[in-house]
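Hi,

Here is the structure I promised to pass on. My notes follow below it.

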Amino acid sequence: MPLRSMTPWQRPVFCTVLAGAALAWLVLSGHRLLLTGDESRYLLYADAMIHHGRLILDLPEWSVLSHQSALPVGGSGLVMNSVYVPVLLSPVAGLFGLPGLRFMSLGAGLWGLRCLYRLVRAATGRGWLGASAVGQAGFTLPLLPYLHLFYMESFVFALVCWGWWRVQDAGRTLRADLLTGLVLVAIPFVHMRGSVVAALLFLLLLHRNRTVQLRWRAAALAAIAAGFGMVFVALNIRIYGSTTGPVNTARPPLPWEWFDVLAMQLSNTRHGLLVYTPVWIVGYAGLWLSLRRTVGSADTTIPRQALVLGVAAALTGVGVNPGECWPARFWVLSVPMLSVGLAVWWRSVRSPLPRALALLLAAIGFVNARLFFRDGNAFLLSRQFNNTYQWLFDRYGLIDLSLILPVEVGDRVDTLNAALWAMAGLTVLISFVASARRGIWAIPAVTVFLGIGDLAHVQRVPDDDVHLAADDHRVAVALAHPIEAGFFRLGPGVEPVFSEPSWRRYDFVVQSVSGSSFGTGVAASHVLAWQCRSAVSGWSIKAVSGAGLDKEALVAAVYRSRSVLIFLMERFGANGCRGMRQR
């Protein structure tokens with residue numbers, strides 16, 4: 001049947017089935033992602049429940065199931081993740097194992113994408129914008145990997161999209177409102193991280209019933225929610241020993257931590273949202289535009305809801321220490337709101353320059369998606385160093401963003417780096433918002449992009465010009481041709497070269513051709529940078545806390561900065577080396 005001859009309700013169903021078939025084929029056709037992180041625990045809970053009626057397996061049985069040598073539990077042996085969905089889907093685990101659980105995650109994500117299509121279409125009045133938003137959300141990070149994995153992210157995404165869409169028709173029938181309420185109260189059971197967004201959507205559901213003179217129904221829905229809340233708290237106390245349930249070190253930030261945490265989670269090399277899909281900053285610009293009276297000729301109800309929900313998702317759904325998982329996991333909760341914002345922004349902008357910039361940012365996201373389909377497990381290895389951008393540099397040269405991205409180590413230098421990235425992002429955000437009125441206001445965004453590209457403009461120094469000597473606690477490097485500013489990458493880019501669990505520090509000292517030495521103490525990281533007035537002929541790295549260096553894993557690469565901005569800072573800056581003291 002030709003697409004044009006389909007009825008309006010048949011087209012989205014057809015597109016959803018087609019996208020689902022494509023993604024299902026990718027899941028089942030040899031595209032394998034490692035079993036690691038929280039997925040190991042979810043599999044453990046599901047398999048243990050169906051076979052033994054408990055949440056923990058014996059080690060020999062778990063080793064046979066997962067090919068892992070240790071149980072994926074906390075140090076105390078307690079259950080530390082949400083167990084409700086794994087328990088509910090334990091029959092699937094018993095019949096089909098991990099592939100069956102991952103396929104259920106895919107199905108949930110596709111249902112969420114269908115609801116997202118309807119939300120965006122209602123918000124903008126354009127079906128093609130809904131389809132574009134679904135393509136952007138479903139085929140790029142952060143959602144894309146979690147459509148292939150049995151994490152809770154795709155289930156939360158689906159429930160938020162479904163519940164949000166159903167709220168738009170609240171107040172019509174009692175049966176429909178009861179179903180909407182059940183969808184929303186299920187979100188905390190799936191993952192506590194979505195609790196605040198679920199609460200806001202439930203308040204909107206109550207408000208919609210109140211405005212149509214159905215206060216009795218609103219009171220009944222509130223009572224049902226309170227009952228589910230008490231059951232939820234009782235189950236958490238019974239299973240986890242606390243009312244907050246599976247809330248561990250990956251907690252939401254406290255108010256005084258908002259800026260630092262959000263800046264780091266937007267820009268760090270491992271889990272930064274804008275590192276892998278920078279077009280989502282345009283989504284935030286679209287949410288800001290929803291404050292206007294109208295967005296083109298479309299209704300602003302859903303965009304304004306998206307603004308409130310997007311702020312709540314960022315402040316309560318993005319926390320510290322995402323852990324061992326695929327990039328930007330915490331931001332999956334924000335994808336529905338950002339998709340609405342992105343479509344709203346595109347509908348509001350008429351100038352070709354900001355639209356071209358948005359397409360460029362979207363292209364970066366699809367490049368990372370292409371790399372995910374090429375080798376999805378490579379994203380796991382970007383713990384301290386971004387392997388995907390390094391691969392692009394090794395292939396095409398010129399720019400290596402992996403050298404200038406912050407690492408989430410709690411070090412002052414990386415925290416400041418993340419803050420600078422946040423300020424640059426804020427400039428771009430304001431520029432995209434202003435460009436909705438006049439395209440010339442996109443020029444500040446262009447300037448920021450050119451500056452980032454300039455700072456990441458490097459040239460790798462040939463290995464023959466780098467002489468390295470290492471022992472168990474010290475690395476010494478000498479250059480055949482001194483350079484004023486550059487980057488030194490050590491380690492294989494897979495694991496920290498310091499193997500102790502707590503974060504290590506080392507002493508970094510550079511020697512200039514003038515005979516002076518400058519040094520500083522920094523957190524252990526794969527990338528070290530220097531910027532000196534006088535050319536540097538060599539440097540040394542000494543472990544000052546924790547374990548020593550792993551000589552066998554040590555891989556060194558030196559990059560000469562070709563940045564015009566860094567060159568100007570060298571020429572007009574103070575003597576010595578930036579951020580270092582003379583020794």
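Is Arg583 buried or exposed? Arg583 counts as exposed, at 51% relative accessibility. The classes are buried (under 20% relative accessible area), exposed (over 50%) and partly exposed in between, with a 1.4 Å probe and protein chains only.

Two points on the basis. This is a predicted model, with local features needing pLDDT of at least 70, side-chain atom pairs counted only at pLDDT 80 or more, and totals for chains, interfaces and linings using all residues. Residues are numbered from 1 along each chain as its sequence is written, and side-chain values use heavy atoms, without hydrogens and water.

Overall picture. The chain has 21 helices and eight strands. These are DSSP runs numbered from the N terminus: H or I of at least four residues for helices, E of at least two for strands. Of the 583 residues, 53% are buried.

Salt bridges. The whole structure holds nine. The criterion is a side-chain nitrogen of Lys or Arg within 4 Å of a carboxyl oxygen of Asp or Glu.

- Arg583 pairs with Asp507, closest N and O atoms 2.8 Å apart. Arg583 sits in the segment after β8 (581-582) and Asp507 in strand β4 (residues 505-512), so the pair ties together parts 76 residues apart in sequence.
- Arg329 pairs with Asp38 at 2.7 Å between the closest N and O atoms. Arg329 lies in the loop between α15 (301-317) and α16 (335-348), Asp38 in helix α2 (residues 38-52), so parts 291 residues apart in sequence are tied together. Both Arg329 and Asp38 are buried. They also belong to a salt-bridge network with Arg41 and Glu153.
- Arg102 meets Glu39 at 2.8 Å, N to O. This pair links helix α5 (residues 90-124), which holds Arg102, to helix α2, which holds Glu39, 63 residues apart. Arg102 is buried at 9% relative accessible area, and Glu39 is buried at 0%.

Thr140. This residue is in the loop between α6 (127-138) and α7 (143-146). Thr140 is buried, at 0% relative accessible area. A polar atom of its side chain lies 2.3 Å from the backbone oxygen of Gln136.

Record check. An unreviewed UniProt entry lists several spans as "transmembrane region", including 83-104 and 353-373; such annotations may be inferred rather than shown by experiment. Residues 353-373 are 100% helix, with end C-alpha atoms 31 Å apart. Residues 83-104 are 91% helix, with end C-alpha atoms 16 Å apart.

Best wishes

Note on methods. Polar contact = N/O pair within 3.5 Å; in protein donor to acceptor, adjacent residues only side chain to side chain.
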